[in-house]
Amino acid sequence: MRNVMALVLSGGGGERLGVLSAERAVSALPFGGKYRVIDFSLSNCCHSGIERVGVLAQHAPASLNDHVGAGRTWDLDRRVRGVVILQPFQTRSHAGWYRGTADAITQNLNFLEEARPERVLVLSGDHVYRMDYRALILAHEQRGASVTMAVARVPADQTHRFGMVTTDRTGRVRAIDEKPDRSVTPLANMGVYVFEYDVLAEMLRTHPVDLVLDVLRPLVAAGERVYTHEFNGFWEDVGTVASYYRANLELVQPQPRLQLHDARWPILTRDEERPPVIVSGTAEIEDSLIANGCRVEGRVRHSILFPGVHVARDAEVTDAVVMPDTRIEAGARVERAVLDKYVRVGEGAVVGEGTDPGPPELAWLAGLVLVGKDAWIPPGGRVERPASIGVGGRYEDFRDGRVASGTVIPNRLWFEEIR
Amino acid sequence: MNAATYAFILAGGVGSRLCLLSEKRAKPAVPFGGKYRIIDFTLSNCVNSGIYDIGVLTQYRPTSLNQHIGIGRPWDLDRTRGGIQLLQPAPGAFTSDWYSGTADAIYQNLVHLKRRRVDEVLILSGDHIYKMDYNVLYAFHRANRALMTVAVTEVPEKDVSQFGILETEPNGRVTAFKEKPRSPVGSRLASMGVYLFDRDALIRLLVEDAAIADSRHDFGKDILPRMIARNEGVYAYHFPEYWQDVGTLDSYYECSLAFLSSQPPLDLHDPSWIIHTQSADRPPVRVEHGARIEHSMVANGCRVAGQVVNSVLFPGVDVASGAVVRDSIVMHDTIVGPRAVLDRAIVDKEVEIGAGAKLGHGEERAPNRACPEHLSSGLVIVGKRARIPGGITIGANARIGASVSEKDFSAPVPSGGVVDGPDAMH
């Protein structure tokens, strides 16, 4: 695969993830008990033999820089080829944020031209899936296609989230319909494309902004050979709270459709060195993923604990995703919630109580409680779901020790108190 | 650490009292603490103390150690300057032979000191479990203008006979040294096998020792007594914290399980003193429906559907539904089949335990037939890649050799029994 370069689009700020993406790119979002979302795409590249990768970053790029670094984890720290993070940049004649997916690539045309690959594999860093890109590239080659787009079947009630792709019987693309409420075709555009380099480079000279609207649609309209390749495995775009939560909890199903325990296709991540999980005599754990560095003294059910989480005695964690180094103190209860890093849930506090569906404008919370980084739920505090507590939330955010259903508490700046 | 430093780590030990665990690997490479190897503690102490230039002396079964250390990535020892070097005995060199003792091992590698502008040389053992900031040792050594400083730890009276015991003046100056004294000597300060030498004194002493025909070329037996006899400046630094030699199966077992207590002997979670190790990327522990885990240490990559009580599971262990792992230590990628029961078992890597097999079964406590001196406290030990047939019972103090297969078992294995496979211990 030396003639293929991968570009991983990781610029998205994930507005629909609220507080979870306040200080990080969606691609850098912790996932599955120890990973970051981008690990899936990078591991797929690594296992598919793709040795040259550009990661296009824009929103909160530090989170990605830290994580991807020189690419050691994926054996992409190479002298020739390897991984490069491509951020928006200034030159004497040019300065500009990435205005869209195609614009991001266009702004890095120099980088592409230097490498001169025969094909460009465009990926999204916001997707969770295990895919062998070699099959896609092979299909592309065999058809002599200009572009091949990977597609996945989605349920009829989900078509509004995707670009739906209509093809002829040979798999050649006839139309791409962006986020329709109803669709005759079940095939969704995964945002995974193989381009013939020359075809892509030619299109980029027209200053496109969006890859679908300004590149793919014109190519289809012009009669270029744009084909689909159907992917049948588990695939999820984790750009919304609901899909992020659902994809995480898929992992603790009895027979998960997304397998992490497959030694032939391990998901590689930048691992911190942490001791094994310590489970005390009072702990009860079932149907869960627990990462190294955790200490469990309470009850954990149907949940995912990232490294360094501490669940104290008599605390209960159910249907929750708990990110690194969060502490759940004695007797606290957490249910249907996503807790970010370094959160402290005080003694006897309850996060995620009640059954109120919340106001329609908070439907994006999917009935969950989100708790931002560094937030502190005071002892005995109660948070009803759905609700969102901002980064650094603390005691003053609780009225009578309570956060009512439907509340969204904004982020606090960490230096607010310093005068 | 400001001045240049260099450390040798002695990692050639045979560790014969660890029985099967060190049959195929050097003692420093024996897995410990749910994911580490014994040598990780010493290596991490070095880098956490700012020592980034290290030579590791290997001799016995170095393969697993070589694989483990590699170019030293996990310890940030893959460096442009300094780093880590594995020093194996090599024929044809200026002195060319197997290492005959600890002092000889360093003597044969003196060439590595030639271009290093260091005033002192740190000599460590790769066999011990402890967290120590060597900067404190350097400061003590320099303050005393010592030629050699030995780190010592207080051991119980009953264990005195297993260590090199030092007697000191109140200021720490060493006045006497007895290697493994049979009767009490009035001191309980045991050498930790951690020596800091003045570089030139070390070279002089080693050259001198190499020429002495009846020397055993050992730091404890030869160099140290000679220095004390000549009243050369030998000082003892009393290390006040936890230090453990896991040299026997019993001490290995007890020390391992001590890490399960709510007050473990060492804090492995301390972000300012991380114990680094080479670890494969494994997914988080998967705890399935109906599983029960209590008072245990379980590493990434494990899947638990059965019961795990008071035990240590290394990465990738699979405990099937209905199985019970009690008071046991189970190493990497071992499979515990459905309804199998383990009591007080130490199971090496990649073992397959068939459905319903019972290890450590029954009350009988006959010492092991082959190694009664090492295996008599009721443990069961299973060597690497053994395959244990389903339904079989194995009594306490039994030893199941590495790579045995189902056909090596003809009947239940009684207490103290031995099953040897294709490459049995000699």
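Trainee: How many salt bridges are there between chain B and chain A?
Mentor: There are four salt bridges between chain B and chain A, a salt bridge being a side-chain nitrogen of Lys or Arg within 4 Å of a carboxyl oxygen of Asp or Glu. In one, the side chains of B:Asp281 and A:Lys34 meet at 2.9 Å, N to O. Bear in mind that this is a predicted model, where local features need pLDDT of at least 70 and side-chain atom pairs count only at pLDDT 80 or more, while totals for chains, interfaces and linings use all residues. Residues are numbered from 1 along each chain as its sequence is written, chains are lettered from A in the order in which they are written, and side-chain values use heavy atoms, with hydrogens and water left out.

Trainee: And how much area do chain B and chain A bury between them?
Mentor: About 2800 Å², with 47% of it on carbon and sulfur atoms. Buried area here is the accessible area (1.4 Å probe) that two parts lose on being put together, summed over both. B:His269, B:Asp281 and B:Arg286 supply 24% of what chain B buries against chain A, more than any other three residues.

Trainee: How many residues of each chain are in contact?
Mentor: On chain B 35 residues, and on chain A 38; contact means heavy atoms within 4.5 Å.

Trainee: What does B:Glu288 touch?
Mentor: Not counting residues up to four places away in sequence, B:Glu288 touches A:Glu286 and A:Asp287, along with B:Arg303, B:Val304 and B:Ala305.

Trainee: Buried or exposed, that B:Glu288?
Mentor: B:Glu288 is buried, at a relative accessible area of 17%. The classes are buried under 20%, exposed over 50% and partly exposed in between (1.4 Å probe, protein chains only).

Trainee: Switching to helix α7 of chain A, which residues are buried there?
Mentor: In α7, residues 211-221, they are A:Leu211, A:Val212, A:Val215, A:Leu216, A:Leu219 and A:Val220. Seen down the axis of α7(A), these buried residues fall within an arc of 120°, so they line one face of the helix. The arc is that of the directions from the helix axis to the C-beta atoms. Helices (H or I, at least four residues) and strands (E, at least two) are DSSP runs, numbered from the N terminus.

Trainee: What follows α7(A)?
Mentor: A:Gly223, with a positive phi near 80°.

Trainee: Where is the cis peptide bond?
Mentor: The cis peptide bond joins A:Arg385 and A:Pro386, with omega about -5°. A:Pro386 is in the loop between strands β28 (382-384) and β29 (387-389) of chain A.
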